[in-house]
Amino acid sequence: MNTNHRQTVCQRGDLAGGQFVEFSLSDGTGGQDEQTGFVFEREGRLYAYLNRCPHLGIGLNWMPGRFMDPDNCFIQCANHAALFIPENGQCIAGPCQGDTLTSLAVTEDNGAVLVRLPG
């Protein structure tokens, strides 16, 4: 996989109001890559993670674009309610406590949000 490949996943404005944007990852070779991720903005900073719980390797979200707990404080796994700190992906409660989400390098270029593929 080309680890230098950056992929545009959305526009910065798509993240307004606490919105999360999900995306599929492509390695640029035209092959099928089943990995998905999500990106969001928190206090002016961009964050992106693979959409995969470290406990079972399954998607985190409750519904499309719904990743946060009811209090909107933590990313919450829909399958077993593990809680993750949004700013660093660390699990603080649940069966994967102490593990972290796989972060993705995220940048902005002229309003476009770009994510670097995991290496």
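Predicted model: local features only at pLDDT ≥ 70, side-chain atom pairs only at ≥ 80, totals over all residues.

Guide: Gln 76 belongs to strand β5, which covers residues 75–76. Is Gln 76 buried or exposed? Its relative accessibility is 11%, and buried means under 20%, so Gln 76 counts as buried.

Not counting residues up to four places away in sequence, Leu 60 touches Phe 38, Leu 50, Asn 51, Arg 52, Cys 53, Phe 67, Ile 75, Gln 76, Cys 77, Ala 78, Phe 84 and Leu 101. Leu 60 is also part of the largest nonpolar core, which has 16 residues. Those that touch the most other members there are Phe 38, Phe 40, Tyr 49, Leu 60, Ile 75, Phe 84 and Leu 101. The elements giving two or more residues to this core are β3 (36–42) and β4 (45–50). There is a second, separate core too, with 15 residues, including Leu 50, Leu 104, Val 106 and Val 113. As a general point, nonpolar side chains in soluble globular proteins tend to be buried together.

β3 and β4 pair in the antiparallel sense, with 6 bridges between them, and Glu 41 sits opposite Leu 46 in β4. The two strands form a hairpin with 2 residues between them, where Glu 43 takes a positive phi near 50°. β3 also pairs with strand β2 (residues 20–24), again in the antiparallel sense, over 5 bridges. In that pairing, Val 21 stands opposite Val 39 in β3.

Elsewhere, there's an open sheet of 3 strands, in the order β1-β9-β8, with antiparallel pairing. β1 (6–11) and β8 (106–109) are at the edges, each with a single partner strand, so one side of each has no neighbour in the sheet. From one strand to the next, the twist averages 35°. β8 pairs with strand β9 (residues 112–116) over 4 bridges, and the bridge partner of Glu 108 in β9 is Val 113. Val 113 is one of the residues in the second core.

At 36% relative accessibility, Asp 99 counts as partly exposed. Leaving out residues up to four places away in sequence, Asp 99 touches Pro 54, Gly 89, Gln 90 and Cys 91. Asp 99 and Pro 54 are 45 residues apart in sequence, yet their C-alpha atoms are 6.6 Å apart in space.

Stepping back to the whole protein chain, you'll count 0 helices and 9 strands. Of its 119 residues, 39% count as buried. Among contacts with a separation of 6 or more, 48% link residues 24 or more positions apart. The chain exposes about 6,300 Å², and carbon and sulfur atoms supply 43% of that.

Methods. Residues numbered from 1 in each chain as written. Heavy atoms only, no water. Buried < 20%, exposed > 50% of the residue type's maximum accessible area, 1.4 Å probe, protein only. Core = buried A, V, L, I, M, F, W, Y, C linked by side-chain atoms within 4.5 Å. Contact = heavy atoms within 4.5 Å. Areas by Shrake-Rupley, 256 points an atom, 1.4 Å probe, with all protein chains shown as cover. Pairing = 2+ DSSP bridges. Axes fitted to C-alpha atoms, helices over the stretch in contact; angles between N-to-C directions.
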